[in-house]
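Subject: Structure handover

Hello,

Here is the structure I promised. Please open it alongside this email, as my notes follow below.

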Amino acid sequence: MVAPTPYALIATDLDGTLLRADDTLSERSLAALARAGRAGARHLVVTGRPAPRVRPLLDDLGCTGLAVCGQGAQVYDAGAERLLWSVTLDRELAETALGKIEAEVGQVYAAVDQDGVDGLTLIEPGYLMPHPTLPALRVDRRDDLWCAPISKVLLRHHTLSDDELAATARAVVGSLATVTMSGPGTVELQPCGVTKATGLALAAGHLGLGPEQAVAFGDMPNDIPMFDWASYGVAMANAHPELKAVADEITLSNEDDGLAVVLERLFG
């Protein structure tokens, strides 16, 4: 199937999609986004990373507009350096959800992303950051994770795969939180009902754009709601099988400029 062209809105995940493995942006991808921008398309970053961890990348992109961060829990205005919208995960519910998960699988290791444009990422003893380049502050005990409002909880298990941990978490957490899997070693709990699609819909509405005008790019199951919302979904060659199964198109990998290949076709 060939996507119609052009689109007025380009929604892109970061890790495994727009970014290469070393957290850099290729010149080809930057050029393709610039070409789409000259054609009138708006680019929205839609990422699981919280706003403080996205700001340097937005600078690299020359983005002064909106970005959807924290799995949809934050809509960030890069130009004004403020959150237009954010929702937090109740910390008591988060603790309860963790307890239910550990009752099923034994000990998990947790981290949290604090709310706000200057929020910290806190990690408890035993938790290993899946992206070692991202800054995090290690705390002495789990109770220290709850010292300030949070946007989400990140989970890891010493033996279970991400798919296994996510499946168990969904089975026991229920309405306490939304469970997502956003990358290798990244299973997350976020506010119930919040997904990339909810944040994307808010940001797009602010721009006067709708799903019928949107093409979305991603690589992990947390991008499925975004694909469901957008008119056309493009999965990377390195994408998780669950996302490939619902994609309208599969492009090359993030290392091979798969996003640029599609944008060049749509806007070239």
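Which residues does glutamine 114 touch, not counting residues up to four places away in sequence? They are Gln74, Gly119, Leu120, Leu122, Cys147, Ala148, Pro149, Ile150 and Ser151. Bear in mind that this is a predicted model.

Glutamine 114 lies in strand S6, residues 109–114. Its relative accessibility is 10%, and buried means under 20%, so glutamine 114 counts as buried.

**The six-stranded sheet**

S6 belongs to an open sheet of six strands. The order is S8-S7-S6-S9-S11-S10, and the pairing is mixed. Strands S8 (137–138) and S10 (178–183) stand at the edges. Each has a single partner strand, so one side of each has no neighbour in the sheet.

At the S8 end, strand S7 (residues 121–123) pairs with S8 in the parallel sense, over two bridges. Isoleucine 123 stands opposite arginine 138 in S8.

Helix H4 (residues 91–105) lies across S6, strand S9 (150–156) and strand S11 (186–190). It runs at about 15° to S9.

**Around strand S13**

Now look at strand S13, residues 232–235. Both of its faces are covered. Tyr232 and Val234 are buried on one side, and Gly233 and Ala235 are buried on the other. In a regular strand, side chains alternate between the two faces of the sheet.

Glycine 233 in S13 is the bridge partner of alanine 216. S12, helix H7 (residues 224–229) and S13 make a right-handed β-α-β unit.

From S13, the chain crosses through helix H8 (residues 241–246) to S14. This β-α-β crossover is right-handed. S13 and strand S14 (residues 249–250) run parallel and are joined by two bridges. Here valine 234 stands opposite glutamate 249.

Two loop residues to check:

- Aspartate 23 is not a glycine, yet its phi is positive, near 70°. Aspartate 23 sits in the loop between helix H1 (14–18) and helix H2 (27–38).
- Glutamine 71 is not a glycine either, and has a positive phi of about 65°. Glutamine 71 sits in the loop between strand S3 (66–69) and strand S4 (74–77).

Is glutamine 71 buried or exposed? It is buried, with a relative accessible area of 1%.

Best wishes

Notes. Residues are numbered from 1 along each chain as its sequence is written. This is a predicted model: local features need pLDDT of at least 70, side-chain atom pairs count only at pLDDT 80 or more; totals for chains, interfaces and linings use all residues. Side-chain values use heavy atoms; hydrogens and water are left out. Buried means under 20% relative accessible area, exposed over 50%, partly exposed in between (1.4 Å probe, protein chains only). Helices (H or I, at least four residues) and strands (E, at least two) are DSSP runs, numbered from the N terminus. Two strands pair if DSSP finds at least two bridges between them. A crossover is right-handed if, with the strands pointing away from the viewer, the path from the first strand over the helix to the second runs clockwise. Contact means heavy atoms within 4.5 Å. Axes are lines fitted to C-alpha atoms, for helices over the stretch in contact, and angles run from 0 to 180 degrees between N-to-C directions.
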